[in-house]
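Hi,

Here is the structure I promised to pass on.

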Amino acid sequence: MKIPFNLPYLSGNEQKYISAALGSSSHAGNGFYGQRCIELLKERYGFKSVFLTPSCTAAMEMGALLADLKPSDEVILPSYTFTSTANAIVLRGAKPIFCDIEESTMNIDVSLIESKITEKTKMIVPIDYAGIPCEIEPIMALAKRYDLMVMEDAAQGLHSFYKDKPCGFLPPLAAFSFHESKNISCGEGGALVVNKPEFIQRARFLQEKGTDRDLVLKDQKKKYGWVDVGSSFLLSDILAAMLLSQLENVENIVKKRSLITKAYSLLLTPYQEKGCLKTPKIPPDARINHHAFFVIFDLPENREQFLILLRQKNIFAYVGYSPLHSSTYGFKLGFKPEDVPRTQDLAQRIVRLPFYTGLADQGLDYCLEGMKSVLQTIYGF
Ligand SMILES: Cc1ncc(COP(=O)(O)O)c(C=O)c1O
């Protein structure tokens, strides 16, 4: 048996909806299925407006344009994130300022953000690692005090809640991913949530290549033209059809995934109690979407051995992100490994376990047995 790190999941209605979309008179963005996804997201999560995009990467780039980032601006973000979080900033010529993370969640350590704020700071970009919500309330309070923009990189955070508020609900901007590795997927896709009313009309122009086509569609103009910068930040209606099927099934998907979290937690508790490793600590007022499960080993060499021995059993775990500050491009930008020491240390000890919706149906027992035997080899019990 082979247990991959990730496997896309079909929730049931994908083929039916895609066929219907193909048979319709429009396949482009913001069509029938796109609108249904947008309405569902707004209704379920209370977002003010939603723009479906080709990826979370594109959503972040659109968000950075809306935030009007300029070359002299600084943006605070964790180094422990995907390249897209930083690229959205660097593409505008602004400077990323990396902030260290908390061990219990791998999310930005809110207590360290204020020390990074300077006169040049324009925005804070936290992420919801492994679907664990970042502490958005204190981040919003800091942003208010210093008059900063916040864009939540909620690539992994759809259907996670912090104090009963969904990820992406509080900040002016939030970006989600519907890449095949996420809980809810259409292969490649994303969404930008715009909660700040003053941004919404401009977002419509940016999404449509900097044109006011939106006003023509609303019968407010006869001919559209170039009114702003922009790009093609649209998701095809064929992919939106797939997305709708998945969004309609989110409760079922999250429930299946919660069984994997439960099983991994149970397996690892004795090793955690003996100090061999640590598992995520979910804040008591958070409800998670069970996107992923990470383990932090006591020593980098035990992490390496775990990965190698698991692979010999055809079970594929993964090391997670390479921290951006100590990446090739991070060094080019002038960062050093010691800039964010906790990130540097944890990145060498973390493992993300195989995690996909179908694992709950098939393979989980094999996976657990394999892990148990590998841990026994490493720790002797
Ligand atoms: C935190 C974070 N941001 C952005 C992205 C990019 O998402 P997408 O592949 O939809 O562009 C990812 C991808 O995993 C991510 O983990």
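**What I found**

Lys163 counts as partly exposed because its relative accessibility is 38%, where partly exposed means between the cut-offs for buried (under 20% relative accessible area) and exposed (over 50%), with a 1.4 Å probe and protein chains only. Before I go on: this is a predicted model, so local features need pLDDT of at least 70 and side-chain atom pairs count only at pLDDT 80 or more, while totals for chains, interfaces and linings use all residues. Residues are numbered from 1 along each chain as its sequence is written, and side-chain values use heavy atoms, with hydrogens and water left out.

Back to Lys163: you'll find it in the loop between strand 6 (161-162) and strand 7 (165-166). (Helices, H or I with at least four residues, and strands, E with at least two, are DSSP runs numbered from the N terminus.) Its phi is near 50°, a positive value in a residue other than glycine. Asp219 also has a positive phi, near 65°, and sits in the loop between helix 8 (213-217) and helix 9 (237-248). With 71% relative accessibility, Asp219 counts as exposed.

Now the ligand. Which residues come nearest? Of the 15 around it, they are Thr57, Asp153, Ser177, Lys182 and Tyr321; "around" here means having a heavy atom within 4 Å. Some polar contacts (pairs of N or O atoms within 3.5 Å; within protein, one must be able to donate a hydrogen and the other to accept it, and residues adjacent in sequence count only if both atoms are side-chain atoms) are worth a look:

- A side-chain N or O atom of Tyr321 is 2.6 Å from a ligand oxygen.
- A polar side-chain atom of Gln156 lies 3.0 Å from a ligand oxygen.
- For Cys56, a backbone N or O atom is 2.9 Å from a ligand oxygen.

The protein buries 92% of the 390 Å² that the ligand exposes when taken alone (Shrake-Rupley method, 1.4 Å probe).

Finally, the largest nonpolar core has 35 residues, and Leu66, Met123, Val125, Leu173 and Val194 have the most contacts inside it. Such a core is a set of buried Ala, Val, Leu, Ile, Met, Phe, Trp, Tyr and Cys residues joined through side-chain atoms within 4.5 Å. Helix 3 gives the most to this core, 8 residues. Domain 1 (14-248) and domain 2 (251-379) both contribute residues, so the core lies between them; the domain bounds come from an automatic or database assignment.

Cheers
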